[in-house]
Amino acid sequence: MDNEISKNQSKGASDLSNENTFKIVDGRKYHNENNSIYFLPSDNEEIDRLHLQHYMQKNIYQRNFFAPVEHLLKQEGAKVLDVGTGAGSWLFEMAADYPKAKFIGVDISPIHSSHIKPNNAEIIKGNVVERLPFDDNTFDYVFQRFLSPGIPENKWPFVINELVRVVRPGGFLEVLDCEYKASTMGPATTKILDAVFVMFQEFGLDPNVCYKLQNYLKENEQLHDVHCEIKKEIDTKDAEELYKLYSKNYVIATKGFKSKLMSIMKISNDEFDNLVEKMGEEYVKLKTFSPQVRVYAQKKTNYCDNLKFL
Ligand SMILES: C[S@@+](CC[C@H](N)C(=O)[O-])C[C@H]1O[C@@H](n2cnc3c(N)ncnc32)[C@H](O)[C@@H]1O
């Protein structure tokens with residue numbers, strides 16, 4: 001790890017489990033950080049789900065990124081940051097694909113397995129809602145996927161500024177997130193997604209943030225060339241199978257915040273389990289898909305030069 005990145009980081013990946021504090025609720029392990037509202041679990045089951053979700057995403061898009069960074073990633077010492085890296089699924093695959101680049105993952109509650117970590121990847125603890133532990137202009141490419149459950153609505157402008165701050169001039173930023181409703185929803189799905197929507201609002205989160213990402217990037221005067229792509233369905237040739245995986249992923253994820261949903265819907269444990277099972281069936285039958293929005297942009301190279309003339 002070169003000094004430029006490492007000077008702000010205190011712990012290597014293997015030290016992180018000692019640094020994290022957890023709480024156990026209904027047999028699942030959750031992070032216990034005071035400064036985070038993130039409500040999904042931090043345990044082995046969640047690691048498996050995140051890996052499943054990653055490979056599903058990879059198959060849906062047939063690639064891991066859209067920003068035009070391939071040439072940068074092939075350069076010796078290129079630096080990449082994955083914000084909210086989770087199990088490190090995206091990070092580790094990218095690190096293996098681009099061995100000349102250095103990959104850093106940051107997460108409020110890192111839960112990766114160090115046994116599958118490539119040598120050119122590191123994961124450190126950090127909260128994007130506070131200041132990221134990196135100097136300005138450090139990374140060639142910054143990526144963030146599915147962090148809407150961890151970022152309060154009023155913190156998004158700050159978070160986007162943080163992501164932009166750590167990208168170097170000429171480098172790229174890419175953010176992907178999803179909606180929490182879907183176009184075709186069965187009755188069980190509607191009930192559950194309505195409750196998820198309420199849960200987001202109760203936590204001060206923004207369930208519609210994916211549709212605001214493009215504007216956040218456009219409003220940032222250090223960025224230009226903002227692209228936005230919306231995926232509304234799975235359209236690969238193995239879509240049938242992917243919809244089954246998509247359903248499985250959503251069912252497992254939903255069970256991860258069971259107690260909160262049960263209290264919002266005022267239903268019993270058995271009613272919840274039945275409802276989630278029905279939702280899984282509806283997802284497959286109706287090809288339910290929550291739209292995903294991907295935005296990417298480049299940090300201007302001449303931004304500082306322009307400031308000199310103001
Ligand atoms: C849904 S998971 C997505 C993981 C990964 N980005 C992926 O796509 O596989 C969200 C991750 O963001 C992390 N997270 C939540 N709030 C965060 C915050 N404020 N700062 C950093 N990481 C956060 C969680 O701990 C979790 O690992």
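Residues are numbered from 1 along each chain as its sequence is written, and side-chain values use heavy atoms, with hydrogens and water left out. Because this is a predicted model, local features need pLDDT of at least 70 and side-chain atom pairs count only at pLDDT 80 or more, while totals for chains, interfaces and linings use all residues.

View 1. A polar contact here is a pair of N or O atoms within 3.5 Å. N127 uses a polar side-chain atom, 2.6 Å from a nitrogen atom of the ligand. With V128 it's a backbone N or O atom, 3.0 Å from a ligand nitrogen, and with I108 a polar backbone atom sits 3.2 Å from one. On its own the ligand has 600 Å² of accessible area, and the protein covers 98% of that (Shrake-Rupley method, 1.4 Å probe).

**View 2. The second largest pocket.** This pocket has a volume of about 360 Å³. Among its 20 lining residues, K23, V25, Y30, F39 and S259 are the closest to the centre. Two or more lining residues come from each of β1 (22-25), β2 (28-31) and α10 (258-265); helices (H or I, at least four residues) and strands (E, at least two) are DSSP runs, numbered from the N terminus. The lining splits into 8 nonpolar, 5 polar and 7 charged residues. On a 1 Å grid over the protein atoms alone, a pocket is an open set of points with protein on both sides within 12 Å along at least five of seven lines, whereas a cavity is a set where a 1.4 Å probe fits but cannot get out; lining residues have an atom within 4 Å of a point. Points are joined across faces, edges and corners, and a volume is the space filled by probe spheres set on them.

**View 3. The largest cavity.** The structure holds 1 cavity of 30 Å³ or more, and the largest cavity comes in at about 50 Å³. Its lining includes H54, Y61, F143, R145 and R294. α3 (44-61) and β6 (139-145) each give two or more residues, with α3 giving the most, 4 residues.

How values were computed. Ala, Val, Leu, Ile, Met, Phe, Trp, Tyr, Cys and Pro count as nonpolar, Asp, Glu, Lys and Arg as charged, and the others, Gly among them, as polar. A polar contact is a pair of N or O atoms within 3.5 Å; within protein, one must be able to donate a hydrogen and the other to accept it, and residues adjacent in sequence count only if both atoms are side-chain atoms.
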